[in-house]
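Here is a structure for us to read together, feature by feature.

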Amino acid sequence: MRIVEVQGLSYKYGNEAVLDSITFSVEKGDLLGIVGPNGAGKTTLFNCMLGLVRDYQGSIKLFGRDIRKERRLLGKVGYLLQRNPIEKAFPASVADIVALGLTAGSDDAKVEAALDTVGLLDLKQSRIGTLSGGQQQRVLIAKAIASGPEMLIMDEPITGIDLASQKNFYSLVRALNRKHGITIILALHDLEVVGNLANKLVCINRKMFYHGIPQKFFANPNLLKQYSEAGMQAHMHLHGHGRQ
Amino acid sequence: MLELFQQGFIQNALLAGIATAIMCALVGLFLVLRKQSLFGDALAHMAFGGIALGLFLGIQPLFAAAAVAALGALGMTRLRQTGRIPADAAIAVLLSTGLALGITLVSLVQGFNTNLFSFLFGSILLVSREEALMTAAIAVAIAAPIAIHQRKLLHLAFSEEQAKASGLPAAMLDYLFIIAASIAVIVSIRLSGILLVSSLLVLPNLAAIMLGLGFKRTMLASAAISVLAVVAGVWLSYVANIAPSGAIVILLVAFFLAALAAKKP
């Protein structure tokens with residue numbers, strides 16, 4: 001079953017083309033990795049997919065329907081952003097934050113189940129601001145999955161998180177996809193990591209370089225050359241730390 | 001002491017004061033979390049300009065204040081949403097515009113300075129029964145929807161971007177909340193006066209936040225602190241013959257300092 005279908009997506013900010021003819025699809029159960037350097041258009045792509053940017057060319061279908069016309073489809077999608085610092089004094093417990101992800105009403109059982117999935121049930125009553133960066137990001141994953149979404153979109157979720165927490169994060173992403181059956185779209189700088197986690201790969205730098213399985217990408221020197229010429233190689237060295 | 005609370009004007013003051021305290025605690029919590037603590041101050045200064053305009057034109061000062069403050073607040077929200085100027089700068093613009101308008105009108109016409117004085121410093125002990133009931137009704141009308149939609153407002157305060165991505169109508173909620181905050185400020189002027197109105201919005205919440213509780217308990221603690229300060233402040237003002245608005249705010253400052261001292265570093 002096709003969950004996402006992006007067809008000929010182009011978006012301009014002023015006269016500048018931020019996205020140019022992007023086309024890819026996501027099937028149910030996929031873990032799609034999106035890689036590209038800073039300014040490649042990954043966040044803009046997600047903003048279009050979430051209906052936050054609407055004046056684009058081309059079409060985006062989520063669950064077979066146009067997201068611009070049916071905002072309620074967002075109820076089936078969880079979204080995780082880059083980590084923003086949370087103030088220590090922010091007066092909300094971990095459970096309060098996870099409950100923000102529920103689409104309606106309050107359901108303690110769902111909050112607890114989501115926290116259990118990310119391994120933070122024992123911190124349920126702690127204030128969110130007192131947790132480490134890695135723990136906070138896991139709480140935000142719990143928030144994103146609390147309402148039982150069919151798909152999870154993650155935009156550079158490990159930025160600013162220590163290496164040990166990053167490894168835990170990758171294991172969690174893998175488990176959410178394989179054990180819990182959640183379709184995942186994950187944007188990262190690190191081609192190596194994405195290549196290991198994902199079963200499909202999309203490389204963009206405003207235009208699309210590649211869409212397919214990671215193994216084909218890594219086996220093709222021309223694609224890797226193209227990728228490095230686009231300035232992505234620098235990111236691979238800067239952020240890469242071996243295969244997981 | 002019981003006799004004091006049996007007097008009509010004290011009962012009116014307490015009814016209006018408690019209603020205002022709860023309303024301001026609720027509205028103020030979200031202002032503090034959205035880093036708009038000075039918003040109440042800016043609105044109150046706009047209201048000062050509006051009150052001066054009302055007195056100058058011979059129309060009900062609080063209605064003029066409400067209109068001027070609401071217009072200013074909506075304009076400021078629009079500027080903030082478009083990102084054309086930083087949020088704190090928008091507050092500064094609002095604050096100085098209101099004050100300048102008020103000072104100019106006061107200098108133009110002498111004679112309404114006495115009236116203006118009660119708006120600047122509050123006059124809760126002069127509230128009539130009708131005014132007290134009206135204040136209570138407005139407080140319920142503002143506090144109830146905020147309490148009902150507290151999770152959406154918390155989501156917006158926690159991460160506007162994530163709230164939007166989850167399908168919340170963030171811009172609409174922003175406008176509705178700002179209008180509610182404007183009304184809360186105008187209603188509170190009777191209790192605390194223009195110069196002290198932001199203390200009702202900010203201090204009980206800062207004290208409550210220091211307690212390290214979850215969100216709902218922080219909200220309840222803030223309302224409780226605010227009500228306690230109002231009741232004790234009215235009593236203190238009567239027995240010590242001091243201005244009630246000053247007494248209430250000094251008590252709020254004391255609660256805040258006590259919470260700050262009790263909080264582990």
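**Reading chain B and a strand of chain A**

Q: How many helices and strands does chain B have?
A: Chain B has 13 helices and 0 strands, where helices (H or I, at least four residues) and strands (E, at least two) are DSSP runs numbered from the N terminus. This is a predicted model, in which local features need pLDDT of at least 70, side-chain atom pairs count only at pLDDT 80 or more, and totals for chains, interfaces and linings use all residues. Residues are numbered from 1 along each chain as its sequence is written, chains are lettered from A and ligands numbered from 1 in the order in which they are written, and side-chain values use heavy atoms, with hydrogens and water left out.

Q: What share of the residues in chain B is buried?
A: A residue is buried when its relative accessible area is under 20% (1.4 Å probe, protein chains only), and such residues make up 52% of the 265 in chain B.

Q: Where do the side chains of a regular strand point?
A: They alternate between the two faces of the sheet. In strand S7 (residues 151-155) of chain A, A:Met151, A:Ile153 and A:Asp155 lie on one side, A:Leu152 and A:Met154 on the other, and all are buried. Because 5 of the 5 residues of S7(A) are buried, the strand is largely enclosed by the rest of the structure.

Q: Which strands pair with S7(A)?
A: Two strands pair if DSSP finds at least two bridges between them. Strand S6 (residues 77-80) of chain A runs parallel to S7(A), joined by 4 bridges, and strand S8 (residues 183-188) of chain A pairs with S7(A) in the parallel sense over 5 bridges. A:Leu152 is the bridge partner of A:Gly78 and also stands opposite A:Ile184 in S8(A).

Methods: Buried < 20%, exposed > 50% of the residue type's maximum accessible area, 1.4 Å probe, protein only.
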